Amino acid sequence: MAYSNKVLDHYNNPRNVGTLDKGQTNVGTGIVGAPECGDVMKLQIEVEGDRIVDAKFKTFGCGSAIASSSLATEWIKGKTIGEALAVKNTEIVEELALPPVKIHCSVLAEDAIKSAIADFKAKRGTQIGGQA
Amino acid sequence: MSTPIYLDYQATTPVDPAVLEAMLPYFGERFGNSASRGHAFGWAADEAVGVARKQIAELIGASPKEIIFTSGSTEAINLAMKGAAAMYGSKGRHIVTTMVEHKAVLDTAKHLEQDGFEVTFVEPDSSGRVSAQAIAAALREDTILVAVMWANNEVGTLNPIREIGALCHERGVLFFTDATQAVGKVPVDVLADGVDLLCLSAHKLYGPKGSGCLYVRRRNPRVRLVAQIDGGGHERGMRSGTLNVPGIVGLGKACELCATQLNGESARLLELRERFEGQLLGTLDFTHLNGHPVERIPGCSNISFQYVEGESLIMGIKDIAVSSGSACTSASLEPSHVLRAMGVSDELAQCSIRFGFGRFTTTAEVDSAAAQVKEAVTRLRELSPLYEMALEGVDLSKVQWQADH
């Protein structure tokens, strides 16, 4: 299978790999996927006010899954919660030129963003909007 | 970038230069049709086919007359199973095979189910091996055929063919073995092993693609098959069609080379395999060997690198040519049916890679491959949330995963 140059770039130089302290109240953690399906994404956000000041990820999955989550962290860093919730999987598909068989990787990345935000909102005790 | 290191010898093998050399005249001046009885062109082709038949027969302990040429193992499997079912279907309607066969056997068995046969798919043990006792337990009064592979294509596990052959002969049931991965790798003797039907393929033993054969026993018992391809009645009426003379010459030469090199080559490959496995299993944590530790073809290592997804690992070792699972199913993104039947979890099956070593693999290549694999696994585990959780002591089997699409 031929990967696009952008997928290869994210795979070879993944952005924002790592772990934030999930005990902090301003850190939201989303874990989506399942090991038996071959994809698990963990995406974390650190929020100040309404803005995502840091994002980290770790992904078990194919190159496209790693690239999708790497790209997702890159995109949401610096965005407000509302802007991050507006990120669509189709934009990830387009940016990485994912083939149809890999679209689920982008769906998972979108879910991971929403799941991390939902976790953050739940911690902060506010109304959850736009949960996946 | 240099050419990748080829470690996919179970998918196919390069043609040995001596095989290529033997074949070339039959694409050129010796182009005759082996069925042309009236002139020198035909005689030359027929003579070459005769030599090949002998070379193949000698490697597997058969008589030359018992070799039926086909386009490869898939066709030979179809002929053996469908041909036997059609010939002996009035005697019984039950067939026994295993869950770890190649798709060519499984799909043919399913086809026969549609035709009204009953098929029992015997489960292997956790090493992928099917015992003679397990086959015995599946036999019925109306069983007409047992089909058990000699060596598994994904994990390399060898089955106790001689015991299963003896059992089948004792019970008067025909025994077919798909020996595609075994011939030329381990000693095969159809008489001593009690095999009635056996298929092999040239491209798995340093011959060309598109050439293979079916061994069909002629006495004790004399096996008869209903042809699946009708035509001019070639190959004792069992497989019509003009013979692929260059391909057959290549298959013959490849078998001759295997016969002379088998012992030395298998010892060398075993050494390479142990060297490779030692470097990985001995130093990486959460790494498991799939398949039988001992009863295994020498050139095959199937390893699960837990918490690292197989496709991403293959991407990370782009200078090594390997397969995740078998080449025939790796396009489907489905976990391997073989590992599943062995009781390997889907999670671990997603992390498995098959490394295949062969005639042209060098020690330096094995060392380089092991180092590259180690580096990629280490790097990808730093990216893996599962590895992180495992190190934290989280029981991953107890986690509620969110996977609803």
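This is a predicted model: local features need pLDDT of at least 70, side-chain atom pairs count only at pLDDT 80 or more; totals for chains, interfaces and linings use all residues.

Residues are numbered from 1 along each chain as its sequence is written, chains are lettered from A and ligands numbered from 1 in the order in which they are written, and side-chain values use heavy atoms, leaving out hydrogens and water.

**Exercise 1.** Find the buried residues of helix α1 (residues 5-12) of chain A, and say what covers them.

*Solution.* Start with the terms: buried means under 20% relative accessible area, exposed over 50%, and partly exposed in between (1.4 Å probe, protein chains only). Helices (H or I, at least four residues) and strands (E, at least two) are DSSP runs, numbered from the N terminus. Now go along the helix: A:V7, A:H10 and A:Y11 are its buried residues. They sit on the same side of α1(A), because they cover an arc of only 100 degrees around the axis (taking the directions from the helix axis to the C-beta atoms). Lastly, look for contacts (heavy atoms within 4.5 Å). The cover includes α2 (63-76) and α4 (89-96) of chain A, along with α8 (310-316) and α11 (363-382) of chain B.

**Exercise 2.** Which residues of strand β10 (residues 300-305) of chain B are buried, and which strands pair with β10(B)?

*Solution.* First, recall that in a regular strand the side chains alternate between the two faces of the sheet. In β10(B), B:C300, B:N302 and B:S304 point one way, B:S301, B:I303 and B:F305 the other, and all are buried. Next, check the neighbours; two strands pair if DSSP finds at least two bridges between them. Strand β9 (residues 287-290) of chain B is antiparallel to β10(B), with 4 bridges; here B:N290 has B:N302 as its bridge partner. Strand β12 (residues 352-356) of chain B also runs antiparallel to β10(B), over 5 bridges, and B:G356 in β12(B) faces B:C300.

**Exercise 3.** Where do the partners of the salt bridge between B:D8 and B:R354 lie, and are they buried or exposed?

*Solution.* A salt bridge is a side-chain nitrogen of Lys or Arg within 4 Å of a carboxyl oxygen of Asp or Glu. For B:D8 and B:R354 the N to O distance is 3.0 Å. B:D8 is in the loop between β1 (5-6) and α1 of chain B and B:R354 is in strand β12 of chain B, so the pair ties together parts 346 residues apart in sequence. Finally, both B:D8 and B:R354 are buried.
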